[in-house]
There are 2 protein chains.
Amino acid sequence: MLLRKYLKSFPKLQNVLTQKRLAQDYLKVEVTGESLKFPHVWLRDNCQCDACFHRSANSRFIDWSQFDLNVKPRDVSQDANTVKVIWEDGHKSSYQLNWLKFRSFTPESRKTYDMTIYKPTKKTWNKDTFGEAMAKFDYTEILVSDEILHNWLYHLSVYGVSLIQNTPDSDKALDAILEKVAFPKMTHYGAKYTIQTVANNKTNSVAYLPKKLQLHTDLSYYEYGPGVTLLHCEVQAEGDGGANLLSDGYYVADYMKQHHPEQYKLLIDTEVEWRNIGIENGIEFFKLHRSPVINLNKHEELSRIHFSIPQRSSYFPVNIEAVAPWYKAYTTFLELNNQYAAYLKTDPGDILVVDNLRLLHGRNSYEDTTSNVRKLNGAFLDWDEIYSRLRCLTVKLKNLDTIY
Amino acid sequence: MLLRKYLKSFPKLQNVLTQKRLAQDYLKVEVTGESLKFPHVWLRDNCQCDACFHRSANSRFIDWSQFDLNVKPRDVSQDANTVKVIWEDGHKSSYQLNWLKFRSFTPESRKTYDMTIYKPTKKTWNKDTFGEAMAKFDYTEILVSDEILHNWLYHLSVYGVSLIQNTPDSDKALDAILEKVAFPKMTHYGAKYTIQTVANNKTNSVAYLPKKLQLHTDLSYYEYGPGVTLLHCEVQAEGDGGANLLSDGYYVADYMKQHHPEQYKLLIDTEVEWRNIGIENGIEFFKLHRSPVINLNKHEELSRIHFSIPQRSSYFPVNIEAVAPWYKAYTTFLELNNQYAAYLKTDPGDILVVDNLRLLHGRNSYEDTTSNVRKLNGAFLDWDEIYSRLRCLTVKLKNLDTIY
């Protein structure tokens, strides 16, 4: 205790000593000519024997109340494929070298794992590069080929947009795609919903009117927002009516950070209340969620865009001085999204697929008459399920057994 | 432009001028003796006329490309209940005074709205105060009384735990409760699942074994984690077997912040990878989610706890130096949760309801024999849906029409 107190007066010396102590807590392993280090505590925690790891549950089986944080090896031996450790308490662990290498703490190894297994790196785009971003896939090929299914989901995760073509003319056609990934995300609008003009203006959503839909993210008032929007075009309106605008909100956020840094800061700092109140199928809902327009994760990377004109609450939970400057930043964001948005008109048989945590989408107005009808079938998928399916396919197609 | 450049050399003076300019952008309204201010831009944005606001969709209907950020009133008049504004472009708006007061930007008004409408304030507890935290509700009363349904959801949001008693002896009994709120959250385990010992140790989850379940949050590997866990006890094991431990992770997080600030910091800063790989009903899943054990929102308030021994990945996405200190903090967190956990054994007919983003729950081991069976029916609800139902009931029971 006295020594620790004394050392606190010399933080640098203390640092050196701590580092030295920790350095002794690593096991060095030679794998294909590379010297890799693994902390003792991590190695013991990840012992793969049947007592410590449950094989069919793919889960750690250690009783943590018995776990020794200061665990040390008594004996270490290595052959061509395996490192064997006998710990001080006599417990024996064995690690495959390629299993260890896959989990190495080096920056290079981490980057490979992140991109191969965790999540592919996103690429932003604007209307000029939309051609590269917008890939087209065939409905039946997605259903029958693991490779095409993988490619579709990979592309979607990188660019946030894609088009599935040659979809059967049925309001049940979406189901097979949803099931191929996992299951639809349920919301108060149901597991699926129909976008069609309702009679007499009696709607619980402005999406069910033929008026122009300004750029927006869907269901911004959900904390657990729908990850991906799928819009199956069954019947399309004539001319420019019902055409879509698509904007990469991440591109515009990056643009604002560079060109309008103060307004960007307002959009990442100011929490807005997103709101939806109504009745669907006789059941009331009253959704509120507060978040900024531009959301960042712990690594200061973009993680979600919220944007809606109609579904922004009249209640604004900020200090009054913050109101006017925020409106200006919000308007700049919308103007830039309009400026960089791509134009796309779907045909019957197309499913437009959009990353709803990243892209804004809008729709032209159309004339709703008996001879000019428009009908879409909509559903949502969660990113949790999309990444899960993508990983299963990656492991299968690339034979990545070391993941287990 | 030159003036603005010149002013930048005098940030304080610029500040005073900006404040003065903004001050002129408020409308002052006298409501029941109180002088309230509302920004012009906010008032125009929230015009409630039929052209600007769609009544049945409860949504703003303004075309933002036509919106004037520098909008000013030409004429303002006020009577006992209403403020009328004619804007410079001739557009007319009318606001009810109580509608405005409800949306006032004063700190007091905001606090009232937050607690009444947005989300009730949480109260933390430990095993000594568990008696206050754990309220009991009757199954049938929740189904027939709006007031009891409201009280149950309100209590759940404040304390994160409750017990529903006198549930019918059927694996469908949960359905009515789920439907009363909204609908179950779907996961790869289905909309509902059965917790029962599987034969021959062939399980895809350690929860389906009779061994002790250490304190954990459910499905920590979901980014969009299940908000609330409902566990309907249909058949219970004898003695202490199958009893639950319940700990308020928020209480322990606060405790660590105070008593172990450095370890607390590691638990809020270090992202861990949570993982589940397996097959359910013949369909593969591979879930990964990275997050710290203790998560804070933008206001530095607790927002979610992630904790699991079995579902923590063998892949650890940190610098190697961060590994050993993190294990120590993780262990302290578990020890404190065990220390402050309450003991509860459910009886057949009980539904244990737990805020899964906040509480950790565990289970004693039990002997699984033909004469000592244990069977629970499980399901999840999302907080988005729970708060939505709670708000609908609050508005109805308190006649809060000003919300619309």
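How many helices and strands are there in chain A? Chain A has 13 helices and 21 strands.

1. **Basis.** This is a predicted model, in which local features need pLDDT of at least 70, side-chain atom pairs count only at pLDDT 80 or more, and totals for chains, interfaces and linings use all residues. Residues are numbered from 1 along each chain as its sequence is written, chains are lettered from A and ligands numbered from 1 in the order in which they are written, and side-chain values use heavy atoms, with hydrogens and water left out.

2. **Chain A overall.** Helices (H or I, at least four residues) and strands (E, at least two) are DSSP runs, numbered from the N terminus. The C-alpha trace of chain A spans about 80 × 55 × 45 Å along its principal axes. Of the 404 residues in chain A, 57% are buried. Buried means under 20% relative accessible area, exposed means over 50%, and partly exposed lies in between (1.4 Å probe, protein chains only). Contact means heavy atoms within 4.5 Å. Take the contacts in chain A between residues at least 6 apart in sequence: 73% join residues at least 24 apart.

3. **Helix α9 of chain A.** This helix covers residues 173-181. Its buried residues are Ala173(A), Leu174(A), Ile177(A), Leu178(A) and Val181(A). Seen down the axis of α9(A), they fall within an arc of 130°, so they line one face of the helix. The arc is that of the directions from the helix axis to the C-beta atoms.

4. **The A–B interface.** On chain A, 104 residues are in contact with 104 residues of chain B. The two chains bury about 9,100 Å² between them, with 54% of it on carbon and sulfur atoms. Buried area is the accessible area (1.4 Å probe) that two parts lose on being put together, summed over both. Between chain A and chain B, 61 residue pairs are in polar contact, both residues at pLDDT 80 or more. The side of chain A that touches chain B divides into 50 nonpolar, 24 polar and 30 charged residues. Here Ala, Val, Leu, Ile, Met, Phe, Trp, Tyr, Cys and Pro count as nonpolar, Asp, Glu, Lys and Arg as charged, and the others, Gly among them, as polar.

5. **Salt bridges between chains.** Side chains of opposite charge can pair when their charged atoms come close. The rule used is a side-chain nitrogen of Lys or Arg within 4 Å of a carboxyl oxygen of Asp or Glu. It gives 29 salt bridges over all chains. Ten are found across the interface of chain A and chain B. One of them joins Lys119(A) and Glu223(B) at 3.8 Å, N to O. Lys212(A) and Asp63(B) also meet in a salt bridge, at 3.6 Å. Lys212(A) is in the loop between β10 (192-195) and β11 (213-216) of chain A, and Asp63(B) is in the loop between β4 (59-60) and β5 (73-78) of chain B. Lys212(A) is partly exposed at 39%, and Asp63(B) is partly exposed at 25%.

6. **Salt bridges within chain B.** Asp25(B) and Lys72(B) pair at 3.4 Å, N to O. Asp25(B) lies in the loop between α2 (11-23) and β1 (26-31), and Lys72(B) in the loop between β4 and β5, so the pair ties together parts 47 residues apart in sequence. Asp25(B) is buried at 16% relative accessibility, whereas Lys72(B) is partly exposed at 28%. Asp146(B) and Lys396(B) pair at 2.7 Å, N to O. Asp146(B) is in helix α8 (residues 146-159) and Lys396(B) in helix α13 (residues 383-398), so this pair ties together parts 250 residues apart in sequence. Asp146(B) is partly exposed at 26%; Lys396(B) is exposed at 53%.

7. Salt bridges that share partners join Asp45(A), Arg60(A) and Arg312(B) into one network.

8. **His54(A).** Is this residue buried or exposed? His54(A) is buried, at 6% relative accessibility. Its place is in strand β3 (residues 53-54) of chain A. A polar atom of the His54(A) side chain lies 3.2 Å from the backbone nitrogen of Ala57(A). A polar contact is a pair of N or O atoms within 3.5 Å; within protein, one must be able to donate a hydrogen and the other to accept it, and residues adjacent in sequence count only if both atoms are side-chain atoms. Not counting residues up to four places away in sequence, His54(A) touches Ser59(A), Phe61(A), Asn201(B), Thr203(B) and Leu209(B).

9. **Asn295(B).** Asn295(B) is found in strand β16 (residues 294-296) of chain B. Asn295(B) counts as buried, at 13% relative accessibility. Leaving out residues up to four places away in sequence, Asn295(B) touches Glu301(B), Leu302(B), Ser303(B), Arg304(B) and His306(B).
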